[in-house]
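Open the model in your viewer and keep the selection tool at hand. Each stop below says what to pick next and what is there.

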Amino acid sequence: MARIVQASLAALLLLPMATAMHSSCILKKEQAMCLEKIQKANELMGWNDSFPGCPGMWDNITCWKPAHVGEMVFVSCPAELFRIFNPDQDTRVVSRNCTEDGWSEPFPHYFDACGFDEYESEAGDQDYYYLSVKALYTVGYSTSLVTLTTAMVILCRFRKLHCTRNFIHMNLFVSFMLRAISVFIKDWILYAEQDSNHCFISTVECKAVMVFFHYCVVSNYFWLFIEGLYLFTLLVETFFPERRYFYWYTIIGWGTPTVCVSVWAVLRLYFDDTGCWDMNDNTALWWVIKGPVVGSIMVNFVLFIGIIVILVQKLQSPDMGGNESSIYLRLARSTLLLIPLFGIHYTVFAFSPENVSKRERLVFELGLGSFQGFVVAVLYCFLNGEVQAEIKRKWRSWKVNRYFTMDFKHRHPSLASSGVNGGTQLSILSKSSSQIRMSGLPADNLAT
């Protein structure tokens, strides 16, 4: 289970290989290489079961070549795992003695020398932790997907809500929905089985899933950036053509991720076509995707600060009125509303080293971040005054039509039983009443 959540973390948080290449795949790779080395060593030494000594073995951490009794063998800590657990230290050495009873215990112990042991990745508390995080982000993305779908139906259904601002919101909602769907598809396709076979999968289908997944994640970041850019432009520019701006917003929001992910896919195909592209061994290639995302987060944070400054100036103007406490209350409310819309929470770990506060980052970004779509849909659709007013208007209109329909059926049962629906009946009544009024006009005129 650890590999599922770690791979999702690496992609969702755009981490380099040091975190993405989780221990299960590293150990699988090392084990395969070890077995080949042992087989070659046995052939060279003419080793068989009758020879005294210690056979070569893989102890789930390192590879031990065949040795004679009394021989001491030295091996280094696995380089890739050591860099993950001890990024600022030099590689250390572990030794074993070959005795008549077999191999001795490693000295020093793996945990003391390498910073990890063969039981650490399988510890029950760690598995429970990863299961909890996976359950948390699964619930979060499911909740967000349902809420965002409902919000999209509302915004598309009511024509009076069709404006540039809501069109941008709708594109952001779609990006959140695609992000949630891509996470579910990735977990289903790549990590359905509870083993490490995915480490050696290299099919076109799984690579296409990873490309789609990265595109959805990057698009989501860019539409958060578009929200910030639009609001800042709205506050700074007095008059600007929103429709023309929306055209460029669409190109940036969906076009830029297409270019970035396409370039990354081509480079990955020619220079690092290994596995299912879910692990990024080449950090330079990974920055083709990570660079634009980190840049959008940084620019959005600057826009956020600029918008807060503008809001402070507007709230402190004499025209706004109110005392100092009400001004700060409005400012706090506006700030809290903008944080999920701009994705400001991503700046907490955006520029920190990937090995710092791993568990906190995992819960914050994957767990709580999965509910961001839900929060945005609630704040900018269900709690929006325009949306609520339009829904209330439609509800009142429906109740009035239903009342007149029922009243008409009660007053004119013959027409109601003929199969004419309520809308047709109301139109017949209105036409009849207008004809009566028109026919009465000449008589009135003559009377005068």
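Select Ser-182 and show its surroundings: leaving out residues up to four places away in sequence, Ser-182 touches Phe-212, Phe-213 and Cys-216. Contact here means heavy atoms within 4.5 Å. Ser-182 lies in helix α7. Helices (H or I, at least four residues) and strands (E, at least two) are DSSP runs, numbered from the N terminus. Is Ser-182 buried or exposed? Ser-182 is buried, with a relative accessible area of 1%. The cut-offs: buried is under 20% relative accessible area, exposed is over 50%, and partly exposed is in between (1.4 Å probe, protein chains only).

Two notes on the model. This is a predicted model, in which local features need pLDDT of at least 70 and side-chain atom pairs count only at pLDDT 80 or more, while totals for chains, interfaces and linings use all residues. Residues are numbered from 1 along each chain as its sequence is written, and side-chain values use heavy atoms, with hydrogens and water left out.

**Helices α7 and α8**

Now select residues 164-190, helix α7, together with α8. Their axes come within 8 Å and cross at roughly 155°. Axes are lines fitted to C-alpha atoms, for helices over the stretch in contact, and angles run from 0 to 180 degrees between N-to-C directions. That crossing angle makes α7 roughly antiparallel to α8. By angle, under 35 degrees counts as roughly parallel, over 145 as roughly antiparallel, 65 to 115 as roughly perpendicular, and the rest as oblique. The α7 and α8 crossing is left-handed. Left-handed means that the near helix is turned anticlockwise from the far one by less than a right angle; clockwise is right-handed.

Colour this contact by residue class. The contact of α7 with α8 has 20 nonpolar, seven polar and four charged residues. Ala, Val, Leu, Ile, Met, Phe, Trp, Tyr, Cys and Pro count as nonpolar, Asp, Glu, Lys and Arg as charged, and the others, Gly among them, as polar.

**Helices α8 and α9**

The crossing of α8 and α9 is right-handed. Their contact divides into 18 nonpolar residues, seven polar and one charged.

Stay in α9 (residues 242-271) and pick Arg-268. Arg-268 is buried, at 1% relative accessible area. Which residues does Arg-268 contact, leaving aside neighbours within four places in sequence? They are Asp-273, Thr-274, Trp-277, Met-279, Asn-280 and Leu-285.

**Helix α13**

Jump to residues 372-382, helix α13. Show Gln-372, Gly-373, Val-376, Ala-377, Tyr-380 and Cys-381, which are buried. Look down the axis of α13: its buried residues fall within an arc of 125°, so they line one face of the helix. The arc is that of the directions from the helix axis to the C-beta atoms.

**Two loop stops**

Select Gly-53, in the loop between α3 (23-45) and β1 (57-58). Gly-53 is partly exposed, with a relative accessible area of 26%.

Next, Pro-108, in the loop between β5 (102-103) and α5 (110-114). Check the peptide bond from Phe-107 to Pro-108, which is cis, with omega near -10°.

**Zoom out**

Show the whole chain: 16 helices and five strands. Buried residues make up 41% of the 448 residues.
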